[in-house]
Amino acid sequence: MTRPEFIPQTAPAKRQRDLRLDFFRGMAMFIILLAHTPGNTWTLWIPARFGFSDATEIFVFCSGMASALAFGTVYLKRSWLLGSARILFRCWQVYWAHIGVVLATALLMVALDQTGMGIEGKVYADWFPVNGIFNRTHEALFGLFTLTYVPGLFDILPMYLVILAMIPLLMGVYLAGGRVAVFAFIGLTWLAANLAGYARIMEGVEDATMLQKAIASLGEPLSWMNLRGLPWSDRATWFFNPFAWQLVFFTGFAFGMGWIPAPPVKRWLVLLAIAVVLITLPLAWGKFYQYLTGWIPEAYGGKLFWDAREAIEPLRWKTWIGGWRYLHFLAVAYLAWAAVGSGGWRLTEGWDMRVRKPQTRWMIRLALAPVLLLTAPYAYVEEIAALSPALNTWIIDSYWLIEARWIGIFQLLHLAALVAFVWHTIGDRARTWLVRDAFLATVPVIRKVGTQSLAVFMVSIVVSRFNGWWLDVIDRDVWTRLLVNGTGIGVLIATAYLVSWFKRQPWREDKKRSPQAVGGTPLSGTPVGQSPGQAEPLRA
């Protein structure tokens, strides 16, 4: 399998690691930690709340690009066999990482119960993703090691493992038929997984239409693609179907291999991507379609967005990566690509946010001030309720501006107005510091987290459960969430730096440097490379 037309005659020079890849993967790690922390209101602001795609797509796409850079070159420089051996070794690492994180999390749940702290009467070891280990030990342990016990929260690494195992097959297709064959393989595999998913969803639906039954019949022979997630249930399958999610992974892989050229930054493409994001927003953002459903009378289209959301459900599937979900991710990824500039230069230089016309700031502030004043009582309703129930009751019952059930809308309006007001008040120097100096100070830290994504992800799963328990102990309010989330983010950063230090193997570096460079001499008292009695000048 070494067709010369697909293998470069001379090995390409080693490519530098793309700083954008590590930056966005690091951001995904932080988002995943927040999303997995129980009772964390910070999740109201993660990308998943405003669109169909979320941090999982970022992680999988970036992992595909990273795999192309790390493994794809082995196929091209050496051979298909050695490249596949490299993949097998990585699968071995990911497999044991998955086993370890499941068992470590189960042990943590038991340890939390042993403290006797937390919500009274709550047994943390009864948490569904791990309780099978204690209630159905024989089946769960066998299923854990055979990947037939893949409960929620522990499903990303198995999905990643299976997709990694598909790389040798994909490279075989590439060597046999080139890029066109690869794209056909990826698309047909994704389509087959969606048909299998549709057949599963339609099982037991008695009032299905003829069209629905016809589509489901196409997917029935492909039901094996819905991998079993629980040994004791025929209905439970992997939440992240790897045969569908390979579409996202191999899209990143294709970019990393150069099979798909980098998209140009064009105004019309930016506008098109923005349009996709905006059209998706009312169908994905719960606060929008839920409030409008009750706010606008049904006769005037009050259920329009809700009904539309239900009608397009297969297009927004997360388990099988619906078509609209994939399109939404591509739009968001393109906007991020355009925002950081060619080669990611804004990640090294920042932005220039100086306002050219000072009078513009005054006009914006004058327009925002009434909004801030009118919506001020709604700014921290939850915290007011906790600290002063009487004041909260007055706001809900007596404040004349809006009914209580629409408070969420006004909370968001107040926050948006507050951010815009502060932004246009702090001045050019403060704005420049935020979007250049402060931002550039965080970029290396975020990138460090992205470079150690596997280790960081493993730690984040355990930390997220610990943080949920911690919030149970100290109660949930705006300050405790800040403390717990901030601490969790700090743990991920520390993990990335610690793992990076170990991977650098500093104990080996010391052997390569002279004793003077490390501030010491050999135990014998004679400098390295110098016989006793010699006196050579120190070398740099």
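# A tour of the predicted model

Start by selecting Ser67, which lies in helix α2 (residues 55-77). Helices here are DSSP runs of H or I with at least four residues, numbered from the N terminus. This is a predicted model, in which local features need pLDDT of at least 70, side-chain atom pairs count only at pLDDT 80 or more, and totals for chains, interfaces and linings use all residues. Residues are numbered from 1 along each chain as its sequence is written, and side-chain values use heavy atoms, with hydrogens and water left out.

## Stop 1: helix α2

Stay on Ser67. Is Ser67 buried or exposed? Ser67 is buried, because its relative accessible area is 2%. Buried means under 20% relative accessible area, exposed means over 50%, and partly exposed is in between (1.4 Å probe, protein chains only).

Now show the backbone oxygen of Ser63. That oxygen lies 2.8 Å from a polar atom of the Ser67 side chain. A polar contact is a pair of N or O atoms within 3.5 Å; within protein, one must be able to donate a hydrogen and the other to accept it, and residues adjacent in sequence count only if both atoms are side-chain atoms.

Next, show what surrounds Ser67. Leaving out residues up to four places away in sequence, Ser67 touches Gly72, Tyr160, Leu164, Ile167, Phe249 and Phe253. Contact means heavy atoms within 4.5 Å.

Select Cys62, which also lies in helix α2. Cys62 is buried, with a relative accessible area of 6%. Beyond its neighbours within four places in sequence, Cys62 is in contact with Leu21, Phe24 and Arg25. Then pick Phe249. Cys62 and Phe249 are 187 residues apart in sequence, but 7.6 Å apart in space, C-alpha to C-alpha.

## Stop 2

Keep helix α2 in view and select Glu57 with Arg325. Arg325 forms a salt bridge with Glu57, and the closest N and O atoms are 2.5 Å apart. Arg325 lies in helix α12 (residues 323-339) and Glu57 in helix α2, so the pair ties together parts that are 268 residues apart in sequence. Both Arg325 and Glu57 are buried.

A salt bridge is a side-chain nitrogen of Lys or Arg within 4 Å of a carboxyl oxygen of Asp or Glu. How many salt bridges does a search of the whole structure find? The search finds 13.

## Stop 3: Asp472 and its partners

Move to Asp472. Lys122 forms a salt bridge with Asp472, with the closest N and O atoms 3.6 Å apart. Lys122 lies in the loop between α3 (80-115) and α4 (128-135), and Asp472 in helix α19 (residues 453-474), so the pair ties together parts that are 350 residues apart in sequence.

Lys122 is partly exposed, at a relative accessible area of 41%. Asp472 is buried, at 14%. Asp472 forms a salt bridge with Arg476, the closest N and O atoms being 2.7 Å apart. Arg476 counts as partly exposed, at 25% relative accessibility.

Now go back and select Asp54, Glu57, Lys318 and Arg325. Salt bridges that share partners join these residues into one network.

## Stop 4: helix α9

Select Thr280 in helix α9 (residues 267-284). Thr280 is buried, with a relative accessible area of 0%. The backbone oxygen of Val276 lies 2.7 Å from a polar atom of the Thr280 side chain. Not counting residues up to four places away in sequence, Thr280 touches Gly51, Phe52, Trp324 and His328.

## Stop 5: out to the surface

Select Leu44, Trp45, Leu415, Leu418, Val419, Val422, Ile426, Trp433 and Leu434. They form a nonpolar patch on the surface, with about 800 Å² of accessible area together. Which helix gives the most to the nonpolar patch? Helix α17 does, with four residues. Both α17 (407-423) and α18 (428-451) supply at least two residues each.

Zoom in on Val419, placed in helix α17. Val419 is exposed, with a relative accessible area of 52%.

## Last stop: confidence

Colour the model by pLDDT, the predictor's confidence in each residue, from 0 to 100. The protein averages a pLDDT of 85, and 85% of the residues score at least 70. Confidence is lowest in helix α10 (residues 286-295), at a mean of 65, and highest in helix α8 (residues 242-257), at 96.

Finish at residues 1-12, where pLDDT stays under 50 and the model has 19 contacts beyond four places in sequence. Where pLDDT is low, the predicted coordinates should not be read in detail.

How values were computed
Patch = residues over 30% accessible without salt bridge, like charges linked within 9 Å, V, L, I, M, F, W, Y side chains within 5 Å. Areas by Shrake-Rupley, 256 points an atom, 1.4 Å probe, with all protein chains shown as cover.
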